[in-house]
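Subject: Structure for you to look at

Hello,

Here is the structure I said I would pass on. My notes on what turned up in it follow below.

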Amino acid sequence: MSYYEDKFKKLNKELQELQRYLNEKIGHAKHDDADPNYIRELEAESYALHVIWVRTNETILYEPNN
């Protein structure tokens, strides 16, 4: 594997881990009745990570809820 392929795979793995972490955090925030603005901020961060994933992989993992 080339240097760039290794870096690309590492980036994808990090994106997946961050997405998983944010989804858990969103779930906990909703369960704990956190401030709606805080939940929206987490959802925006999650959506941004999803956009990065789509742009780098040209694959839509899920349709974000509006």
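Y4 is exposed, because its relative accessibility is 64% and the cut-off for exposed is over 50%. Please keep in mind that this is a predicted model.

Aromatic pair. Searching the whole structure gives one aromatic pair. The partners are Y3 and Y4, in an edge-to-face arrangement, with 5.2 Å from centre to centre and 80° between the planes. Y3 is exposed too, at a relative accessible area of 54%.

How accessible is E43? E43 has a relative accessible area of 33% and is therefore partly exposed. K30 is partly exposed as well, with a relative accessible area of 46%.

N57. This residue lies in helix α2, which covers residues 36-57. Leaving aside residues up to four places away in sequence, N57 touches F8 and N12. N57 and N12 are 45 residues apart in sequence, while their C-alpha atoms are 8.7 Å apart in space.

Regards

Notes: Residues numbered from 1 in each chain as written. Predicted model: local features only at pLDDT ≥ 70, side-chain atom pairs only at ≥ 80, totals over all residues. Heavy atoms only, no water. Helix = DSSP H or I, 4+ residues; strand = E, 2+ residues; numbered from the N terminus. Contact = heavy atoms within 4.5 Å. Phe/Tyr/Trp six-rings, centres within 6.5 Å; stacked < 30°, edge-to-face > 60°. Buried < 20%, exposed > 50% of the residue type's maximum accessible area, 1.4 Å probe, protein only.
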